[in-house]
Amino acid sequence: MTQIKGKIGVIIEDHFDQTEFRLFNAHFPEYGYEVEYISHLWGQPALHFGGNPDDGIYDPIEKVTVTTEINSINPDDYKGFICIGAYATDRLRYQATVKKGQKNQAPAVAFLRKVIDNPKIKLGTICHSLWLFCADSDLIRGKKVTCAHNIICDVENAGGDVIYEGDATADLVIDGNLITGKHPGVTMKFIETFVKEIETVS
């Protein structure tokens, strides 16, 4: 049995990317890291989330039950946090009430503000999940990143420096404690890199 080296928190909501979900569950434990799914639970003891359909196929859909409230965790208990891809992170940006000029107060966004400048905590995104950082430009302004082609405009408008390779965005970019991946097709490379980055500060 692989020795447990620590926990990786995966921030999740409905319509998460199933490829990432499956590969996180299969391979982070092989490297010795427990995967814990976290979200805002809206006062409930648990919420149940489903994946985004694969190529329009709705069955089977991966499902996860989350019991860890993002407002209640101690970031120091984790080696890193990953925002899962697809439309989950758009949902995580939701605010029940808003005020003109006020920064996004969604719990997941507020959580990122707490950890963004902690070099000991690695943060990761793949594909659309950089959307969560776009909810507050202070989280992404000036950072070198990559993302899905569909959200390039969102990321650049929020001040992110999208890195390109030829006529595409880069597969993987590291800027300080932030590791970003282009799309689910690079998930294995992302996992390997995320583990290496964690272990540089362990």
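Trainee: Is Phe-81 buried or exposed?
Mentor: Keep in mind that we're looking at a predicted model. Buried means under 20% relative accessible area. Phe-81 has 1% relative accessibility, so this residue counts as buried.

Trainee: Which residue forms an aromatic pair with Phe-81?
Mentor: Let's start with the ten aromatic pairs that the structure holds. In one of them, the ring centre of Phe-81 lies 4.9 Å from that of its partner, with 75° between the planes, and the pair is edge-to-face. The partner is Phe-111.

Trainee: How many residues apart in sequence are the parts that Phe-81 and Phe-111 tie together?
Mentor: Have a look at where each one sits. Phe-81 is in strand β6 (residues 80–83), while Phe-111 belongs to helix α3 (residues 107–115). Their pair therefore ties together parts whose separation in sequence is 30 residues.

Trainee: Is Phe-111 buried or exposed?
Mentor: The cut-off for buried is under 20% relative accessible area. Phe-111 comes in at 2% relative accessibility, so it counts as buried.

Trainee: What is the angle between the ring planes of Phe-28 and Phe-194?
Mentor: This is another of the ten aromatic pairs. The ring centres of Phe-28 and Phe-194 are 6.2 Å apart, and planes over 60 degrees apart count as edge-to-face. This pair is edge-to-face because its planes are at 70°.

Trainee: Where do Phe-28 and Phe-194 lie, and how many residues apart in sequence are the parts they tie together?
Mentor: Phe-28 is in the loop between α1 (18–27) and β2 (33–39), and Phe-194 is in helix α6 (residues 187–201). Phe-28 is buried at 0% relative accessible area, and Phe-194 is buried at 0% too. The parts tied together by the pair are separated in sequence by 166 residues.

Trainee: Which residues do ring pairs link into a cluster?
Mentor: Phe-28 and Phe-194 both belong to it. The cluster is made up of Phe-24, Phe-28, Phe-190 and Phe-194.

Methods: Residues numbered from 1 in each chain as written. Predicted model: local features only at pLDDT ≥ 70, side-chain atom pairs only at ≥ 80, totals over all residues. Heavy atoms only, no water. Phe/Tyr/Trp six-rings, centres within 6.5 Å; stacked < 30°, edge-to-face > 60°. Helix = DSSP H or I, 4+ residues; strand = E, 2+ residues; numbered from the N terminus. Buried < 20%, exposed > 50% of the residue type's maximum accessible area, 1.4 Å probe, protein only.
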